[in-house]
Amino acid sequence: MPDLNKLCVHTITTKPWDFATACEKYAEAGVKGITIWRDAIEGIDSEQVKGLLKKHDLTLVSYCRGGFFPAVDEKKRQEAIADNIRMVEEAAAIGAPMIVLVCGADPKQSLETSRNQIVAGIEATLKVAEKYNVKLAIEPLHPMYAGDRSAVNDLKTATEMVEKINHPLVGVAVDVYHLWWDPHLEEEIYRCGMTDKLFAFHICDWKVPTTDMLLDRGLMGEGCIDVPRIRSWVEHAGFNGFNEVEIFSNAYWEMPQEEFLEKIIEGYKNHS
Ligand code: ZN
């Protein structure tokens, strides 16, 4: 069983709850960590965000999500960099130690060009990230998203990108939903961990059949991902951070969220 003190929930997982409610309910249920999605705190003052985290004794694990660097259009690339810089400043204001990057892709250009633009975008953002000591985690996305959401689609590519950038603030977020299928996952997790580049670990499950490419993620234990096995690799690689539950699901968002949170904790205890 995973350590209950290392359970973190992404605010988007319980999307129907506003931020204050999510903090309260997570704390009541014994959840210790929270990853904040940007839209969850839109319009809320950063001091108020910090106050709620403190009141409920929640550790802020990450701020989601930056990236989306590639574009054929130069102006759009500059706008993306400016937006990522704003996001670093927001992260610093609420006390988030890390931003997760969904790197992006533009279907009008090659994946290779998009990858080069991702590296350039991260390097441009780093100047501000250094100022505030905010980490940037590249999250490789499942290849089904290669067309428009991410040109980084496996752990090897992500780790090589991180090695190329070669900066202590840049690492990788491993999400089981995106990477479970990779026959080289175990060795790539060890390779990534060897240089302390494994910054985050996201969990959920892959439902069969999956009815929506984005919004049909499953609870741990209801799909085909062996989460405990992947977690054992990640821990063997030296990772000792939070296990972050990140589930986008129209079906679960329709359910009373208290009930859903109970299921999350059960899935965490028994299938993670
Ligand atoms: Zn993730």
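**Backbone, metal site and core**

Guide: Aspartate 196 sits in the loop between helix H7 (185-194) and E7; helices (H or I, at least four residues) and strands (E, at least two) are DSSP runs, numbered from the N terminus. A word on the source: this is a predicted model, where local features need pLDDT of at least 70, side-chain atom pairs count only at pLDDT 80 or more, and totals for chains, interfaces and linings use all residues. Residues are numbered from 1 along each chain as its sequence is written, and side-chain values use heavy atoms, with hydrogens and water left out.

Visitor: What is the phi of aspartate 196 near?
Guide: Its phi is near 55°, a positive value in a residue other than glycine. Most residues other than glycine have a negative phi.

Visitor: Is aspartate 196 buried or exposed?
Guide: Aspartate 196 is exposed, with a relative accessible area of 62%. Here buried means under 20% relative accessible area, exposed over 50%, and partly exposed in between, with a 1.4 Å probe and protein chains only.

Visitor: Switching to the metal: what coordinates the zinc ion?
Guide: Glu139 (OE), Asp175 (OD), His202 (ND1) and Glu246 (OE) do, at 2.0 to 2.2 Å. Donors are N, O and S atoms within 2.8 Å of the metal (3.2 Å for Na, K and Ca); water is not among the atoms, so sites may look incomplete.

Visitor: Why is the arrangement irregular?
Guide: The four donor atoms around the zinc ion subtend angles of 83 to 163°, and that makes the arrangement irregular. Four donors count as tetrahedral if all angles lie between 85 and 135 degrees; four count as square planar and six as octahedral if opposite donors are over 155 degrees apart and all others between 65 and 115; anything else is irregular.

Visitor: How are the zinc donors spaced along the chain?
Guide: They follow E-x35-D-x26-H-x43-E. Within that set, glutamate 139 in the loop between strand E5 (135-138) and helix H5 (155-165) and histidine 202 in strand E7 (residues 198-203) link distant parts of the chain, 63 residues apart. Glutamate 139 and histidine 202 are both buried.

Visitor: What about the largest nonpolar core, which residues touch the most other members?
Guide: Ile36 and Ile138 do, in a core of 80 residues. Helix H4 (residues 111-132) gives the largest share of this core, six residues. A nonpolar core is a set of buried Ala, Val, Leu, Ile, Met, Phe, Trp, Tyr and Cys residues joined through side-chain atoms within 4.5 Å.

Visitor: What does isoleucine 36 touch?
Guide: Not counting residues up to four places away in sequence, its contacts (heavy atoms within 4.5 Å) include Thr11, Phe19, Leu53, Tyr63 and Ile94.
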